[in-house]
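User: I am learning how to read a protein model, and I would like to go through some features one by one. Could we start with contacts between side chains?

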Amino acid sequence: RTAPRRNAAPSAVDAAAGEFRQSNRKMGTIVKLIHLRPAALSVVALFASAPAALALDAGDFGNRVIAAYGYSLPSGDKVTFGAATVNGNDITFDGITMTGPSMTTPMSLPTKFTFSGVAQAADGSYTADALSVPDVDYKVDGGDLSVKNITFKHIYIAAGKTPSILDASRLFSDASVGPIVLTIDGTPAL
């Protein structure tokens, strides 16, 4: 064998080998973790904001419930829910207040109203599996009224502000109430 001349042009084989070596260097890309940081932060931001985008709007739901049930109240009467809490598909309102021209003072029910299984449809209407109200005890003139196990099931709240007669007939499919006890001066009256 003879050593290649230094001044001589490279042969075709040497040129092809050199190109092969160069192309192999270009094929391998080194990815460092620092290069993945923007992508990882984007994924974290997406997952962090996704539940907020899918969360129920308790204020809108409460306003729709009031519009659906409140239209049957006497003119001028107003109903407002207390603070709302959303837990998954459940919405709980802390009390309800009713005011109106016929009332000398606002009537407040400091009890929790829990709507379970709430879902919003594509048309803006809402459905709820049930509304449960804790046991209620009221002081009435000369006595006490107690109502237990109050539940309304299969609730439908229409998308429009003022429900139609059909919407009003679909507000809930069934209701149940446990024992109702009225005592007057310590004697059961009901």
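Analyst: A polar contact is a pair of N or O atoms within 3.5 Å, where, within protein, one must be able to donate a hydrogen and the other to accept it, and residues adjacent in sequence count only if both atoms are side-chain atoms. Here the side chains of Thr92 and Thr114 make such a polar contact, at 3.4 Å. This is a predicted model, in which local features need pLDDT of at least 70 and side-chain atom pairs count only at pLDDT 80 or more, while totals for chains, interfaces and linings use all residues. Residues are numbered from 1 along each chain as its sequence is written, and side-chain values use heavy atoms, with hydrogens and water left out.

User: Is Thr92 buried or exposed?

Analyst: Buried means under 20% relative accessible area, exposed means over 50%, and partly exposed lies in between, using a 1.4 Å probe and protein chains only. Thr92 counts as buried because its relative accessibility is 16%, whereas Lys78 is exposed, with a relative accessible area of 52%.

User: Where are Thr92 and Lys78 found, and which residues do they touch?

Analyst: Strands (E, at least two residues) and helices (H or I, at least four) are DSSP runs, numbered from the N terminus. Thr92 is found in strand E3, residues 90–99, and Lys78 lies in strand E1, residues 78–81. Contact means heavy atoms within 4.5 Å; leaving aside neighbours within four places in sequence, Thr92 is in contact with Ala83, Ala84, Thr85, Lys112, Phe113 and Thr114, while Lys78, with residues up to four places away not counted, touches Thr97, Met98 and Thr99.

User: Which residues of the largest nonpolar core touch the most other members?

Analyst: A nonpolar core is a set of buried Ala, Val, Leu, Ile, Met, Phe, Trp, Tyr and Cys residues joined through side-chain atoms within 4.5 Å. The largest one has 24 residues, of which Phe61, Ile91, Phe93, Phe113, Phe115, Val118 and Ile157 touch the most other members. Elements that give two or more residues to this core include helix H3 (58–70) and strand E4 (107–116).

User: In what order do the strands of the open sheet lie?

Analyst: Two strands pair if DSSP finds at least two bridges between them. The order of the 4 strands is E7-E8-E11-E12, with antiparallel pairing, and the edge strands, E7 (136–140) and E12 (187–188), each pair on one side only. E7 is joined to E8 (residues 143–147) by 5 bridges, and Val140 has Gly143 as its bridge partner in E8.
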